[in-house]
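I set out to record side-chain pairings, helix packing and ring contacts. My entries follow in the order in which I looked them up.

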Amino acid sequence: MLILFNKKNKKFKGTAIKLIRILRSISIENWLRYSLIVLVVGNLAIVGGIAIKLSRDTQVDRIQELQKQRASALALEVRTYLDKLQQQLSYLQKVRDLSVLPDNIRRSLLEGLTRENNVYEMVAIVSKTGTVLTAIAPYHRGNARDFAQTAIQRTGIATAIHQQIRYIHPVELNEDLNVPTTTLILPIQDAEGRAQGVLVAIVNLDFLNSIVARSRIGKTGYVYIVDEQNRIIAKQRTKAEAYQKIALEPLRDRTLIQILNLNLADSFSVYRGLRSDRVLGTNSFVYGVNWRIVVELPIQEVYAPIRQLMLVMFVVLAIAITISIILGLRITRSLISPLKDLTDAADRIGHGDFSTRVKIKKRNEWGVLANAFNYMTARIRRSFTTLEQKNNELSETLKKLQNTQLQLVQTEKMSGLGQLVAGIAHEVNNPVNFIYGNLNHAEQYAKSLLDLILLYQQYYPNPDREIEAELEDLDIGFIQEDFPKLLESMKMGSLRVREIVTSLRNFSRLDEAHFKEANIHEGVDNTLVILQNQIKAKPKSREIKIIKNYGELPLVHCYPAQLNQVFMNLLNNAIDALDCFRQSDSDRQPEIAIVTEYLPQPQGENDLVSIRIADNGAGIPDEYKQRIFDPFFTTKPIGQGTGLGLSISYQIIVETHQGILKCFSTEEKGTIFQIEIPC
């Protein structure tokens, strides 16, 4: 798999390289032409796509909201009608001692109720024991009381009568009238508010079919009402169903039942509807009776106006893209033609033909550019001759500047070298003189010992008086005691010479000129050894106290020799700044403090190393602080400084090591030079 991936990766890279080469070879004319067309077409496509998407979503939202309003309106209409029926019964329910009124009065009340609303198939007053006291059944041929007695024997109704509670019986089909009905039960009370019986009313639900039939759901949509037992109690009938017998149709599609039961009121779903076609359906509850008004609109009708809208927008978009392409080609041609003329003219000028002129007669920006181009060509032609003359002068000046630069650099090198040699000469001189002064004694001791040996050889084994005298004069015991000490002194002097030479070699680092890890503390210490001659006390000046406060530093990747040069320049400046305080009559003890510190940085950045060299000298005046790192700027007398030390140090720290060199100085208090370089 890895080999296959590598092969595919190489193939992809090869294709990408070829594509990049092809793109680079395309001319500006084609770039401008195709880019303009792609830009315009792309923008139109994006805007058109967004507009189509928004229009589609808006249309769907509008249809869904309309469906929701339809279902809610039908549910409200059904609920209002049922509330009206219950309100009429409630008026009769509020009559106290209804069950003990004379029979003719009860009958008159019931007849008035049935005349006011013809949906009551039967209304009866029933006692607590379940006896029908009075009954009216205007559309029933037989005895109304018998019809009522039969109706109240059903399960649920009998329980409600016994418990004297408000009750609504589930919908059922009246076989005589061939209409769906439901039974309402309302308890009645006597004058003291005690249960006295119930008021039973069988309600004809054919008004639901009337409400459903009046509803208009688009062109092909339809409405139906489902009770809590998932039976259709009213629906909009098709022409084929218009003459069929009315029946309570149970929903047989389990998927449809599950969708209707799971969906909340006023929610939307796309499913296969009652008439077996895909529909956008919504429903609304008729609270109190647990009926559900279902409104279904076929998907074809839902998306028909959306398809028409999208077709129109696609046509408009295609026309806009076509017009944009044509305009883009014409605009590109008008832009490229003057550009070609300018390009050809620039090419001729590049080959030295300064007599070239661009002939563009337009008054737009191209014409202005052509006039400016011609004016520029004339100016270049005049300037070219002048430049040739000045070029020779500049060449001579450049040679002089190069020579001057070499002299200045050499002067700076010689100045540093002179200080280096002076320090080494002074430090080497004492141990060499020390060794040289003891060599004479060592030679005398050796000669005496050799002479003594010769005498022993001559008079051995019995020493002569002369040998004895010689031995007494030489004091062989003293020689034996002092000779080891003499040799030890010579070793100490030799060791001192070796330390100085080692410090000099470490400071110069001639064998470590490359970028490598180095010990910062070692470089500072080697520099101090070389400058020891300038630091220690002299007949007319006091010693400079060196205070070291070294932190724990890691090895730093750097150019060691260049950093040593920086340390040398900064310490020399500090020593020079303390000269006026080294006199014996000064109250200030001259000091140089060297502080190193490791500075961790946030994750993702290089950690830093900080080196601070501070003196307690006179400080730097404010007018000089902004110029101390400028080349050739110095406040020292002529012959004592070139003004390149700090400039070179700044270049080494900032440019070579990507670090920071700062100077903080307060007059009469001292100066601090702070170096920060990445580890």
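**Entry 1: salt bridges**

I counted ten salt bridges in the structure, taking a salt bridge as a side-chain nitrogen of Lys or Arg within 4 Å of a carboxyl oxygen of Asp or Glu. I note that the model is predicted: local features need pLDDT of at least 70, side-chain atom pairs count only at pLDDT 80 or more, and totals for chains, interfaces and linings use all residues. Residues are numbered from 1 along each chain as its sequence is written, and side-chain values use heavy atoms, with hydrogens and water left out.

Side chains of opposite charge can pair when their charged atoms come close. I looked up Asp 190 and found a salt bridge to Arg 194, with 3.1 Å between the closest N and O atoms. For accessibility I used relative accessible area: buried is under 20%, exposed is over 50%, and partly exposed is in between (1.4 Å probe, protein chains only). Asp 190 is buried at 9% relative accessibility, whereas Arg 194 is exposed at 51%. I also recorded that a network of salt bridges links Asp 190, Glu 192 and Arg 194.

I next examined Asp 227, whose side chain meets that of Arg 231 in a salt bridge at 3.0 Å, N to O. Here Asp 227 is buried at 3%, and Arg 231 is buried at 16%.

I then turned to Asp 525 and Lys 548, which form a salt bridge at 2.9 Å, N to O. This pair links distant parts of the chain, 23 residues apart: Asp 525 lies in helix α12 (residues 520-530) and Lys 548 in strand β14 (residues 545-549). Helices (H or I, at least four residues) and strands (E, at least two) are DSSP runs, numbered from the N terminus. Asp 525 is partly exposed at 27%, and Lys 548 is partly exposed at 45%.

**Entry 2: Thr 527**

I stayed with helix α12, where Thr 527 is also placed. Is Thr 527 buried or exposed? Thr 527 counts as buried, at 0% relative accessibility. Its side chain reaches the backbone oxygen of Gly 523 at 2.8 Å. I applied the polar-contact criterion, a pair of N or O atoms within 3.5 Å; within protein, one must be able to donate a hydrogen and the other to accept it, and residues adjacent in sequence count only if both atoms are side-chain atoms.

**Entry 3: helix α7**

Which residues of helix α7 (residues 254-262) are buried? I found Leu 256, Ile 257, Ile 259 and Leu 260. Seen down the axis of α7, these buried residues fall within an arc of 165°, so they line one face of the helix; the arc is that of the directions from the helix axis to the C-beta atoms. On the other side of α7, I noted Arg 254 and Leu 262 as exposed.

The buried residues of α7 pack against β7 (222-226), β10 (268-272) and β12 (291-298); contact here means heavy atoms within 4.5 Å. At the N-terminal end, Asp 253 caps α7, with a side-chain oxygen 3.0 Å from the backbone nitrogen of Thr 255.

**Entry 4: aromatic rings**

I counted three aromatic pairs in the structure. Rings of Phe, Tyr and Trp (its six-membered ring) pair if their centres lie within 6.5 Å; planes under 30 degrees apart count as stacked, over 60 as edge-to-face and the rest as tilted. Among the pairs, Tyr 222 and Tyr 224 are stacked, at 6.4 Å centre to centre and 25° between the planes. Both Tyr 222 and Tyr 224 are buried. Phe 285 and Tyr 287 form a tilted pair, at 5.9 Å centre to centre with 50° between the planes. Phe 285 is partly exposed at 26%, while Tyr 287 is exposed at 59%.

I then looked for charges over rings, requiring NZ of Lys or CZ of Arg within 6 Å of the ring centre and within 35 degrees of the ring normal. Arg 275 lies over the face of Tyr 222, 4.1 Å from the ring centre. Arg 588 lies over the face of Phe 581, 4.4 Å from the ring centre.

**Entry 5: Ile 299**

Ile 299 is buried, with a relative accessible area of 15%. Leaving aside neighbours within four places in sequence, Ile 299 is in contact with Val 270, Arg 278, Val 279 and Leu 280. Ile 299 and Val 270 are 29 residues apart in sequence and 8.0 Å apart in space, C-alpha to C-alpha.
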